[in-house]
Amino acid sequence: MLSASEFAGPDFALRPAADRSRPLVRITFVLVAVLTLLASVAVTSTAQTTSVSDTDAVLLTKVRQAGLWEMPSGMMAMEKGSPIVQAVGFAIMMDHGRLDVATRALSAKLNSPVPDQPSAEQLGWLAEEMNASPGPEFDRIFANRLRAAHGQVFAILAQLRAGTRNDDVRAFATVGNQAVMRHMTMLESTGMVDYTALPTPAVSTTAAPVGQPLGLDTSQIAVVGALFLLVGGGLFYVLRQIKGNRGRARATRRPAAVRTGGSHG
């Protein structure tokens, strides 16, 4: 079996040390350049997630206010609703209890105050539930009021989740949206939701400008292009060096094989 030096061939062994070190120097340069670019991108990303925007504050407010009226609504459902409505009310009450803890913790961390009572409209919904007779009347009001409210919050959370620059708010919005989707599904499972009474979805038909879907600015596109060229160029150079070394090794072994064959002829 050939040793490493024999495999590389005399040509490689006799090459000056400076020539043999050039591939390593070039590869090292490529790696340093890539790491530098990645570090600059990471710094930019971190800088974008430290501030709290007005829309982030709206997200916290919406989730907090939803819990402030849906938790007591769930408690009323456990007292006045049919068995299926009682189960849905209990689940919604528990989910919003956990969300409320997370909302207040994030509010304190980001120094973004949240309300401590439901809105006037939400207080009216609670009064409507309190005045409803136990059984079918309460079931109908509970299912439709909460389903309509969840639909509105779901759309708002989705927009805020898509546009926030804050990592904590992004994670919080994801959990909130999952909870809202779960609640809508449970409310619909009661069979009491009047879908004709729900607002018509507002969908924009305006064509987005070129380049907007990706959300990349010029500097980010330049970084991506530079990374592609550096990584692709470095890989091509390494593969070329490996192929060249193998070719020289085969050329070196071929004459030796001929001489060996001749001695035994």
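Mentor: What follows is a set of questions about a predicted model, each answered by setting a value against a definition.

Trainee: How do you know which parts of the protein chain the predictor is confident about?

Mentor: We read pLDDT, which is the predictor's confidence in each residue on a scale from 0 to 100. The protein chain averages 74, and 56% of the residues score at least 70. Confidence is highest in helix α6 (residues 120-131), at a mean of 95, and lowest in helix α1 (residues 4-8), at 43. Over residues 1-14 the pLDDT stays under 50, and the model has twelve contacts beyond four places in sequence for them; over residues 41-49 it also stays under 50, with six such contacts.

Trainee: Why is one group of residues called a nonpolar core?

Mentor: The name applies because the residues are buried, belong to the nonpolar types listed for a core, and are joined through side-chain atoms within 4.5 Å. The largest such core has 16 residues, and among those with the most contacts inside it are Trp 69, Val 88, Phe 138 and Leu 187. The elements giving two or more residues to this core are α4, α5, α6, α7 and α8, with the largest share, five residues, coming from α7. A second, separate core has twelve residues, including Leu 157 and Phe 172.

Trainee: What makes Pro 118 and Ala 149 count as contacts of Trp 69?

Mentor: They count because contact means heavy atoms within 4.5 Å. Leaving aside neighbours within four places in sequence, Trp 69 is in contact with Pro 118 and Ala 149, and its other partners include Trp 125, Glu 129 and Arg 145.

Trainee: How many cavities of 30 Å³ or more does a search of the whole structure find, and why is such a space called a cavity rather than a pocket?

Mentor: The search finds one, and the largest cavity has a volume of about 60 Å³. It is called a cavity because a 1.4 Å probe fits there but cannot get out, whereas a pocket is open.

Trainee: How do you know which classes of residue line the largest cavity?

Mentor: The lining has six nonpolar, three polar and one charged residues. Glu 70 and Gly 176 are both among the lining residues, and because Glu counts as charged and Gly as polar, they fall into separate classes. Helices α4, α5, α7 and α8 each supply at least two residues of this lining.

Conventions: Residues numbered from 1 in each chain as written. Predicted model: local features only at pLDDT ≥ 70, side-chain atom pairs only at ≥ 80, totals over all residues. Heavy atoms only, no water. Helix = DSSP H or I, 4+ residues; strand = E, 2+ residues; numbered from the N terminus. Buried < 20%, exposed > 50% of the residue type's maximum accessible area, 1.4 Å probe, protein only. 1 Å grid on protein atoms, 1.4 Å probe; cavity = no way out; pocket = protein on both sides within 12 Å on 5 of 7 lines; lining within 4 Å. Points joined across faces, edges and corners; volume = space filled by probe spheres on them.
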